[in-house]
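Welcome! Please take a moment to look over the sequence and the model shown below, and then follow the short tour after them.

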2 protein chains.
Amino acid sequence: MQKPTIKYVAKEANVSIATVSRILNNGVGYSEKTKKLVLETIQQMGYSPNAIARGLINKQSNTIGVLMPEISGLVSADILQGIEKAAHSQGQSVIVCNTAPFGNQTMDYLKLLQEKQVDGLLFTSQFLTTEHSTYIKQMDVPAITISAYSNDKTIPAVRVDDEQAAYDAVQYLIKRGHRHIGMISGSPDDPLAGSPRINGYKKALYDHHIEYDDSKIAWRYGFYFEDGREACSTLLQKHPNLTAIFAASDELASGAIAACYESGLSIPKDLSLVGYDGTKLSKMTHPALTTVSQHFVEMGETAVNLLLKPIQDTKYRSGAIIQHQIIERASVRTIN
Amino acid sequence: MQKPTIKYVAKEANVSIATVSRILNNGVGYSEKTKKLVLETIQQMGYSPNAIARGLINKQSNTIGVLMPEISGLVSADILQGIEKAAHSQGQSVIVCNTAPFGNQTMDYLKLLQEKQVDGLLFTSQFLTTEHSTYIKQMDVPAITISAYSNDKTIPAVRVDDEQAAYDAVQYLIKRGHRHIGMISGSPDDPLAGSPRINGYKKALYDHHIEYDDSKIAWRYGFYFEDGREACSTLLQKHPNLTAIFAASDELASGAIAACYESGLSIPKDLSLVGYDGTKLSKMTHPALTTVSQHFVEMGETAVNLLLKPIQDTKYRSGAIIQHQIIERASVRTIN
C-alpha cells in the first residue's frame, strides 16, 4: 500500500494540497461539501484522517516565508519565480516580506513570520546579521540563505561562487585579446556582491600577468543604472585607452551603455562590455549584453527543495553552489 | 488628554508599533524587558493597557496582504514600493503573495491570507472574478483593487483612467505633426490593460479626423519585450509609412526599439515612439523613452491610505483615480 500522503489524497479528491491540509488541521476556507469529499476520499483510499494528519505534524502551515530587501529588482523576480515554482509543486504557499533596502525591517518581519507560523525561511540577497541568525535559530524552523551573506556559517547557503564567476568574466575578455580592462563594481565594503567580484577581477588579471591598477575600478552607491552610467563616465575619462569593461550587474552594464552613447563610443567596436546576473534586462539592451548568468530561477528552486527535504538533523541541512554560465551575445569583440 | 493610541506608546517607549501590538495581544517575539518597558510606559502616560488594546480590536494583526500575479515586473516593483512606504509609516506589515501569471493561485492565497488574519487586502494588476470578490466579502476585511479590473464595482479601485491616458499619448503625437500612427497593444480581450488603451487610441484619432485602420494595431501574447519586438516588426512591414508608434507598455516600447535597430530605423529620426507606465525601464532605453507615467508609487500609497482610513460603513470606502502624466524624453520628434 502506498504511504498515505496528503499529496495523493489531494490528487484523488481533485482539490489542492493546501485544502486537504486545512481540513485536517481544522483550518478555515473550505465548504462542508469539500470537507465531506476529502474525508470520504481518505476513507476510500484505506487511510485514516489521523494517519494523514500525522504527516503534517511538522508542516502545520504549508507556508514558506521569504525575506528580501527589494522585491522590485529583476534579480528578485527570477529568484522568486524559482521559489514559487518549487514550492507550489510541493503544495506549499509562499509569503514574501520586503525587508527594505538596508534590511531595516528584517527583525520586524522575522517576528511576523514567526507569528504566522511559517514552516521555513528563505533569506534572500541581503546581509544576515548575528541578531538575525540568533533569532532564526530560536524560531526553530529551517532556514536557507539565497545569494546572501551571513557571518553565521551554520545556516546553509545557496549561491554562485561570485569570485570564480567574476574571474571567468574577466578571463573571457582576456582570451579575446583585451588587456586594458576596467571594472564597474559595487562597494568594496559589500561582502555580498562587492568584494568577491572585485577579487575575481584582480585574480584573473594576476593569473594572466596583467598589472592591476585600482583606479581602473569605479563604483558608486549601488548596482543601478545611474551608478553604472556615472562610474563608466569616470572610468572613460581617467582611462580612455580601456578596450573592455566588466560590470558587476546587468543594470550597471546598461548604465555603462548609456554613458558610451553619450561619449560617442560604439559597443563593441570601441569598447567591449560584459555584464553580470543574466536577468532579462541583458536581452533588452542595445547591443544585447554578453553576461554571466547566475541562474537565479534554478537558485530559487534549489533552495526550496533543500529547505523542504526531510532530514534527521537540521544541523546537517546542506546548501549548494549554483553553476554560473557566460551567455554570449553582442557586446564583446575579439581584438588582436 | 491625547487619545490613547498604540502609535504614541510606541514612540514614547522607543519600540515599534508592531511590538506594542504584540505585547497587548499576548503575541510572541519580544523580551520580558521590552514587555515591562511598554506596560510601564502606558501607565506613565496615564492610560490603561486595556484602553490601548481596545483600539486594536479591529487591527489584530497589523498586517496587509497584497495579491499580485507577477511580483517580478517593474510595475509591481513601483506599486509595492508605495504600498510598503505608506504601510510602514502607519505601523503595518505587508505580506505579498504571488498569484501566478493568470491568477491561478488567487483563491488559495485568499484562503491563506484569511488564515493569517490580515487586516486588509490589496488586489493588484489582475482580473478580479466573481468567485474572488464573493470570497473577499465573506472574509469581512476591507479590500481595494490597484490597477486591476473587477466585475464587482462595489470593491473600491485605485487606478489611472487608462482610456484617457492612452488618448493623451496619441494626441501628444498628433500635436507634433504625426498622422500615420500605429499602436502596439495588449490583447483587445484584456479588459484591464488591453481594450481601454485601444479605445483611447481610436478616440484620439477620431477627434482629430484621422481615419482609423485596425491593421495599424498589432499585439502578441502580452506586454513584454519580445511581444513588442515582434509586433513592431509586423507593423513596420505592413505600414512602412508610419511616422510614430504608441506602445501600451514601456517594455513593449523597448522591444519596438530593438525591432527598429534591426530594421535600420533610427528613433526619433525615422520613427517616433511613446511608451506607457513610466517605470525605470523608460529611462534606461536608448533613446530614453517619452512615456505616460501611471505614478505607480503614488498609486500604492493612495491605496494603503484609503484601506486603513477608519470609516463608518465599509460600503462607502472610496477608490481614487490617479492622475497620469506624459514624461517627455528623447523618443519623439516634431514633424511639419
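To find them, look in chain B for helix α1 at residues 6-13 and helix α2 at residues 17-24. Their axes come within 8 Å and cross at roughly 110 degrees. Angles from 65 to 115 degrees count as roughly perpendicular, so α1(B) is roughly perpendicular to α2(B).

Where do the two helices meet? On the α1(B) side you will find B:Ile6, B:Lys7, B:Val9 and B:Ala10, and they meet B:Ile17, B:Val20 and B:Ser21 of α2(B). Sorted by class, this contact has five nonpolar residues, one polar and one charged.

For the complex, the predictor gives an ipTM of 0.78 and a pTM of 0.81. Chain A has an average pLDDT of 88, and 90% of its residues score at least 70.

One stretch of chain A calls for care: over residues 54-59, pLDDT stays under 50. The model has seven contacts beyond four places in sequence for this stretch. Where pLDDT is low, the predicted coordinates should not be read in detail.

## How the two chains are related

A rotation of 180 degrees, with 0.0 Å of shift along its axis, superposes chain A on chain B with an RMSD of 0.1 Å. The two copies are therefore related as by a two-fold rotation axis.

To place that axis in chain A, look for A:Val96: its C-alpha is the nearest to the axis in that chain, 2.5 Å away. Both copies use the same surface, as 100% of the contact residues of chain A recur in chain B.

## A helix pair in chain A

Next, stay in chain A and find helix α5 (residues 74-89) and helix α13 (residues 296-308), which pack at an angle of about 40 degrees. The axes of α5(A) and α13(A) are 7 Å apart. With that angle, α5(A) is oblique to α13(A), and the crossing is right-handed.

On the α5(A) side, the residues in this contact include A:Val75, A:Ile79, A:Ile83 and A:Ala86. Their partners in α13(A) include A:Phe296, A:Val297 and A:Val304. By class, the contact has eight nonpolar, four polar and three charged residues.

## A helix pair in chain B

Now move over to chain B. At what angle do helix α10 and helix α11 of chain B pack? The angle is about 50 degrees, and the axes of α10(B), residues 225-238, and α11(B), residues 250-262, are 6 Å apart. The two helices α10(B) and α11(B) are therefore oblique to each other, with a right-handed crossing.

Among the α10(B) residues in the contact are B:Phe225, B:Gly228, B:Cys232 and B:Leu236. From α11(B), the contact includes B:Leu252, B:Gly255, B:Ala259 and B:Cys260. By class, eight nonpolar, four polar and four charged residues take part in the contact of α10(B) with α11(B).

## Backbone details to look for

Most residues other than glycine have a negative phi, and most peptide bonds are trans. Which peptide bond of chain A is cis? Look at the bond from A:His286 to A:Pro287, where omega is near 0 degrees. You will find A:Pro287 in the loop between α12 (281-284) and β12 (290-293) of chain A. In chain B, the bond from B:His286 to B:Pro287 is cis, with omega near 0 degrees, and B:Pro287 lies in the loop between α12 (281-284) and β12 (290-293) of that chain.

A last stop is A:His209, a residue other than glycine with a positive phi, near 55 degrees. Look for A:His209 in the loop between α9 (195-207) and β9 (217-219) of chain A.

Conventions
Residues numbered from 1 in each chain as written. Chains lettered and ligands numbered in written order. Predicted model: local features only at pLDDT ≥ 70, side-chain atom pairs only at ≥ 80, totals over all residues. Heavy atoms only, no water. Axes fitted to C-alpha atoms, helices over the stretch in contact; angles between N-to-C directions. Helix = DSSP H or I, 4+ residues; strand = E, 2+ residues; numbered from the N terminus. Parallel < 35°, antiparallel > 145°, perpendicular 65-115°, else oblique. Left-handed = near helix turned anticlockwise from the far one by under 90°. Contact = heavy atoms within 4.5 Å. Nonpolar A, V, L, I, M, F, W, Y, C, P; charged D, E, K, R; others polar. Least-squares fit on C-alpha atoms with pLDDT ≥ 70 in both. pLDDT = per-residue confidence, 0-100.
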